[in-house]
Amino acid sequence: MKTGIKGIRRVSAAVVTAGAVLTAGAFAAPAQAATLPTPTITAAGGFVMNNSTGKSLFTKAADTRRSTGSTTKIMTARVVLGQSNLNLDSKVTIQKAYSDYIVDNNWASSAHLIVGDKVSVRQLLYGLMLPSGCDAAYALADKFGSGSTRAARVKSFIGKMNSTAKSLGLTNTHFDSFDGIGHGANYSTPRDLTKLASNAMKYSTFRTVVKTKSTKQKVTTKSGGYRYMEWTNTNPLLGTYAGTIGVKTGSGPEAKFCLAFAATRNGKTVIGTVLASSSVPNRTADAKKLLDYAFKK
């Protein structure tokens, strides 16, 4: 059978074309991975970082100063835990001034401490961080401040909060209260609060307290008997978001709804803060969105 010149050319062309396709396929650039969409949050400010490396994973007005509400109590606990020769089992007698403070401040959340009860420092930390007790914060400030009067001791304690902030490099943070019920100069940023929470989490007592969903504590009464104080954590992520290990809620007329949060999955810990969210449900939803995003980064 004869094969004409034209036929040979057709066959050759087909081979060349096929080879070109194979060659192009072999060296074609791989498909790009889909870009992870940045989440949208209702909070006015937010920040998330890898807790091990400090790498920033999400920012939204991360360095804008805002009122912090009860997330301030992270610093209250941090100052207490940073005391030298701290005895967590030392007892504090609950004063009437602490309960009066709750009555006098409409936004003050309470651990419902009873006047005359003797409560350990460790128990006060639970009362501070779980139900966000402003009375517990007052008791700790009175205990760990210096001075001959309660007012002087409280002022001293707030001074320690500010000096600790400075030592941690929190340049956009200032406290004028021990609990977040500020007087015009109580502020921080999502980035600073996240760094503060990360530092506080280095203390084993802090980690134990903030991951506790609820607790029942036996305290000594004024008459020498005992009673049980039961506290539930205000952090809605505990029990609803797998891997959550803390940290603290906050709210107030100026602060709106805030949350410092942390979670660990597959050996990776992410930690962050949202400030000035629009509601409790939105605050929780914001945190979950940011955690999901951070774990995929």
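## Two residues with positive phi

Ser-132 lies in the loop that links helix H4 (121–129) to helix H5 (134–144). This description, like the rest of the report, concerns a predicted model. The phi angle of Ser-132 is near 65°, a positive value in a residue other than glycine. Ser-132 counts as buried because its relative accessibility is 4%, and buried means under 20%.

Asn-85 also has a positive phi, of about 55°, although it is not a glycine. This residue is found in the loop between H2 and strand S3 (91–93). Is Asn-85 buried or exposed? With a relative accessibility of 79%, Asn-85 counts as exposed, since the exposed class begins over 50%.

Thr-173 belongs to the loop between helix H6 (150–167) and helix H7 (190–200). Its relative accessible area is 11%, so Thr-173 is buried.

Which side chains make polar contacts with the side chain of Thr-173? One is the side chain of Ser-188, joined to that of Thr-173 by a polar contact of 2.7 Å. Another is the side chain of Asp-192, at 2.8 Å. When neighbours within four places in sequence are left aside, the residues in contact with Thr-173 are Ala-165, Tyr-187, Ser-188, Thr-189 and Asp-192.

## Helix H7

Asp-192, a polar partner of Thr-173, is also one of the buried residues of H7. Nine of the eleven residues of this helix are buried, so H7 is largely enclosed by the rest of the structure. Among these buried residues are Pro-190, Leu-193, Leu-196 and Ala-200. They pack against S1, helix H2 (73–81), helix H8 (204–210), S7 and S9.

Strand S7, against which buried residues of H7 pack, contains Val-247. The peptide bond from Gly-246 to Val-247 is cis, with omega near 20°.

## Helix H9

Helix H9 covers residues 280–296, a run of 17 residues. From its first C-alpha to its last it reaches 25 Å, close to the 24 Å expected at 1.5 Å a residue. At the start of H9, the backbone nitrogen of Asn-282 has a side-chain oxygen of Ser-279 within 3.1 Å.

The buried residues of H9 include Arg-283, Asp-286, Leu-290, Leu-291, Tyr-293 and Phe-295. What covers them? The cover includes strand S1 (45–50), strand S2 (56–60), strand S7 (244–252), strand S8 (256–265) and strand S9 (268–277).

Notes: Residues numbered from 1 in each chain as written. Predicted model: local features only at pLDDT ≥ 70, side-chain atom pairs only at ≥ 80, totals over all residues. Heavy atoms only, no water. Helix = DSSP H or I, 4+ residues; strand = E, 2+ residues; numbered from the N terminus. Expected span 1.5 Å × (residues − 1). Buried < 20%, exposed > 50% of the residue type's maximum accessible area, 1.4 Å probe, protein only. Contact = heavy atoms within 4.5 Å. Polar contact = N/O pair within 3.5 Å; in protein donor to acceptor, adjacent residues only side chain to side chain.
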